[in-house]
Amino acid sequence: MIYILSLLLVLGLAGVGYQMLQQVRRDTVRKRLELNVSRSVNTRIIDPTERLMKKNSKMVQFSDLLDKNIIAKFITIVLMSYAIYYIDKSGLYAMGGDVLMLAILAVVALVIILPDQIKRNVIKRRVKSICRDLPFIIDVMAVCVQSGMTVENSLRYISENTSDINPDIATMLERVMLKSEVSGINAALEQLYEEVPASEVGMLCTTLQQSIKHGSSIYLVLNDLSKEMRAIQLLAVEEKVASLSAKMTLPMIGFIMLPLLLIIAGPGLIGMASLWGK
C-alpha cells in the first residue's frame, strides 16, 4: 500500500509540475505577442459554448472542475484508491496484489481522461437539443412578429417563457438580449453564433441580421426557415435510417449466417468426423 500511495504522490506531483510548465509557456507566449490585456497566472481561455452550457448543466460544471483542477484530480484519485483498498481488505471483493494495482492504475487513467470526454459529450448533446428545438422557437418568434412585436421584443419574450421547454435556449436568448442592450442586435447575433457554432443557429442569425439590415418582412422568412430546418433534420434521420442496413451487416453475419451454417453443415461434418475416426 505504501508503494501505491507513493506512486499516486509521484503522479500528482508530475501533473502539477506539467501544469506549471504549461502555464510558464503560455505566459511567455503572451509576453512575446505583447498582449494589452493583463492576465493572471491562473486565468485560462474558456470556450464560449462551454461557458454557456455551464450555466444550466451541473455535469459540465463538475467535469470542468475535475478536468482543470489538478488538486481535485489528485484528491479524487486518492479517495477512490482508498475505497478500492478498503473493498479488498474488508472482504467485500477479494483482489490480489496485481489486480489491485491494475484497478488503481485504471482509476488514475479514468480520472485523467474521463472528465474531459464527459464534458464534451454533454455539451454536444445539449447543442443537439438546441438545434432540435430551434424550429419550434422560430415558429413562436414568427407568431410574435406577426402580432406586432419587434425582433428584440420577441427574443426577450421567448427568453422569458421558454425555460421549461429548453433552458439552454432561454439562457442563449437572454445573453443575446443583454449583449444587444450594450452593443446592438447585430453584435449580439454574432456572439450567439460564436457561442453555439451550429448550422441551425447560424441560419437563424444570418436571417435576422439580413432582415434587420434590409428592413424586409420577417414573418414569411421565419416560416420558411423553420420548414427548412425541419427538412434538414428529416434528411439527417433518413440518412441514419439508410445507414442501418450497412451497420447491421456484421451482426447479421455473426448471429444469423454463422449459426445457420453450423446447423446446415454440422451433421455432415459430424458424420465425416466419425467416419474418419473409424
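Biologist: Which residues are linked in a network of salt bridges?

Modeller: Before the answer, a word on the model. It is a predicted model, in which local features need pLDDT of at least 70 and side-chain atom pairs count only at pLDDT 80 or more, while totals for chains, interfaces and linings use all residues. Residues are numbered from 1 along each chain as its sequence is written, and side-chain values use heavy atoms, with hydrogens and water left out. Now the general idea: side chains of opposite charge can pair when their charged atoms come close. A salt bridge is counted when a side-chain nitrogen of Lys or Arg lies within 4 Å of a carboxyl oxygen of Asp or Glu. Here D116, K119 and R120 are linked in such a network, and the structure holds 7 salt bridges.

Biologist: What are the N to O distances from D116 to K119 and to R120?

Modeller: For D116 and K119 the closest N and O atoms are 3.9 Å apart; for R120 and D116 the value is 2.8 Å. Helices are DSSP runs of H or I with at least four residues, strands are runs of E with at least two, and both are numbered from the N terminus. D116 and K119 are separated by about one helical turn because they are 3 residues apart in helix α5. R120 and D116 are 4 residues apart in helix α5, again about one helical turn.

Biologist: Is R120 buried or exposed?

Modeller: Buried means under 20% relative accessible area, exposed means over 50%, and partly exposed lies in between, with a 1.4 Å probe and protein chains only. R120 is exposed, at 52%. D116 is buried, at 16%, and K119 is buried too, at 4%.

Biologist: Which residue meets R126 in a salt bridge?

Modeller: The side chain of R126 meets that of D168, at 2.9 Å from N to O. R126 lies in helix α5 and D168 in helix α7 (residues 167–183), so the pair ties together parts that are 42 residues apart in sequence. R126 is buried, with a relative accessible area of 18%, and D168 is buried, with 3%.

Biologist: Which residues form the positive surface patch?

Modeller: Patches are made of residues with over 30% relative accessible area and no salt bridge; like charges are joined within 9 Å, and nonpolar side chains (Val, Leu, Ile, Met, Phe, Trp, Tyr) within 5 Å. Lys and Arg count as positive, Asp and Glu as negative, and His and the chain ends are not counted. The positive patch consists of K124, K128, K240 and K247. Helices α5 (97–146) and α10 (219–247) each supply at least two of its residues. K240, found in helix α10, is exposed at 58%.

Biologist: Which element gives the most to the nonpolar patch?

Modeller: Accessible areas come from the Shrake-Rupley method with a 1.4 Å probe, and for residues only the protein chains shown count as cover. The nonpolar patch has about 1200 Å² of accessible area together, and its members include V237, F255 and L261. Two or more residues come from each of α10 and α11 (249–277), and α11 gives the most, with 8 residues. L261 belongs to helix α11 and is exposed at 52%.

Biologist: How many helices and strands are there in the protein?

Modeller: There are 11 helices and 0 strands. Of the 278 residues, 31% are buried.

Note on methods
The place of a charge is taken as NZ of Lys, CZ of Arg, CG of Asp or CD of Glu.
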